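Please look over the sequence and the model below. A short report follows, moving from single residues to the whole chain.

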Amino acid sequence: IKNYKKMISMGLKKIDNLVILIGKTEGHIDQSIFAKEILNQKKGPPPEINLFNEKNNGETILKLINEECVKSAHDVTVGGVLVAISQMCMAGNIGININKPQGLVNFFEYFFGEDQGRYFIEIEKKDLDKVKSILEKNSVYFTEFGTIIEKNVIIKDMINVTVEELVKTNKTWLNNYMSK
């Protein structure tokens, strides 16, 4: 990090800020944690990697950070978007109201797929047009994922859990699992 004052952490920062998902979600579930642990499947290829998109997405996020548009950021890797956004909520002790994606084909593939080259960024509403312009200029696929709220993680008509419950479960699951 050339200038530590521009360092970005993953914890969500402020109610009413927006969370943008960078990179396209195709719903790649093969070889994912969800497939292994929930579906008990170990088949299929790993997710496809597009090195151009990986580099372009990363460099564009760095540009947004240098433009001081990004308040928090986190990569989407193991576990998919629902795991990554939960980590951001727990780190910031703040919730999110997730926009149900348009044309959602499969809930599990969208929220737990491990497609590559994806990131979350938190921005202020006032910066949305500037951020969209930079993303579009750099041909970066993005979606408006949700809005930061006080204490819950909500997906309309599907999930409503408090950040406190997420933290408690995250801290105790291994103990509970091992004691069975």
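## A helix residue and its partners

T60 sits in helix α2, which covers residues 51-66. The model is a predicted one. Is T60 buried or exposed? Its relative accessibility is 3%, under the 20% cut-off, so T60 counts as buried. Which residues does T60 contact, once neighbours within four places in sequence are left aside? They are I134, L135, N138 and V140.

I65 is also found in helix α2. With a relative accessible area of 14%, I65 is buried. Residues up to four places away in sequence aside, I65 touches K6, I8 and V70.

## A buried loop residue

T25 lies in a loop, between β1 (18-22) and α1 (33-37). Is T25 buried or exposed? At 17% relative accessibility, T25 is under the 20% limit and therefore counts as buried. Its contacts, not counting residues up to four places away in sequence, are V81, Y110, D115 and R118. T25 and T143 are separated by 118 residues along the sequence. From C-alpha to C-alpha, T25 and T143 are 9.7 Å apart.

## Two residues with positive phi

N93 is not a glycine, yet its phi is positive, near 55°. The residue is placed in the loop between α3 (81-92) and β3 (95-98). N93 has 58% relative accessibility; this is over 50%, so N93 counts as exposed. Which residues does N93 touch, not counting residues up to four places away in sequence? They are E150 and V163. N93 and K13 are 80 residues apart along the chain, and 8.6 Å separates their C-alpha atoms.

S139 is another residue other than glycine with a positive phi, near 55°. Its place is the loop between α5 (128-137) and β5 (142-149). At 61% relative accessibility, S139 is over the 50% limit and so counts as exposed.

| Pair | Apart in sequence | C-alpha to C-alpha |
|---|---|---|
| T25 and T143 | 118 residues | 9.7 Å |
| N93 and K13 | 80 residues | 8.6 Å |

## Cysteines

How many disulfides does the structure hold? The number is zero. A disulfide is a covalent bond between the sulfur atoms of two cysteines. C69 has a relative accessibility of 1%, so C69 counts as buried. C89 is buried as well, with a relative accessible area of 0%.

## The whole chain

How many helices and strands are in the chain? There are six helices and seven strands. Their order along the sequence is β-α-α-β-α-β-α-β-α-β-β-β-α.

What is the radius of gyration of the chain? The value is 16 Å. A compact globule with 180 residues would have a radius of gyration near 16 Å, so the chain agrees with that expectation. Along the principal axes, the C-alpha atoms fill a box of roughly 50 × 35 × 35 Å.

Of the 180 residues, 41% count as buried. Take the contacts between residues at least 6 apart in sequence: 83% of them join residues at least 24 apart.

The accessible surface of the chain comes to about 11,000 Å². Carbon and sulfur atoms account for 51% of that surface. As for charge, the chain has 24 positive and 23 negative charges.

Definitions and conventions: Residues are numbered from 1 along each chain as its sequence is written. This is a predicted model: local features need pLDDT of at least 70, side-chain atom pairs count only at pLDDT 80 or more; totals for chains, interfaces and linings use all residues. Side-chain values use heavy atoms; hydrogens and water are left out. A disulfide is a pair of cysteine sulfur atoms within 2.5 Å. Buried means under 20% relative accessible area, exposed over 50%, partly exposed in between (1.4 Å probe, protein chains only). Helices (H or I, at least four residues) and strands (E, at least two) are DSSP runs, numbered from the N terminus. Contact means heavy atoms within 4.5 Å. The radius of gyration is taken over C-alpha atoms; the globule rule is 2.2 Å times the number of residues to the power 0.38. Accessible areas come from the Shrake-Rupley method with a 1.4 Å probe; for residues, only the protein chains shown count as cover. Lys and Arg count as positive and Asp and Glu as negative; His and the chain ends are not counted. The place of a charge is taken as NZ of Lys, CZ of Arg, CG of Asp or CD of Glu.
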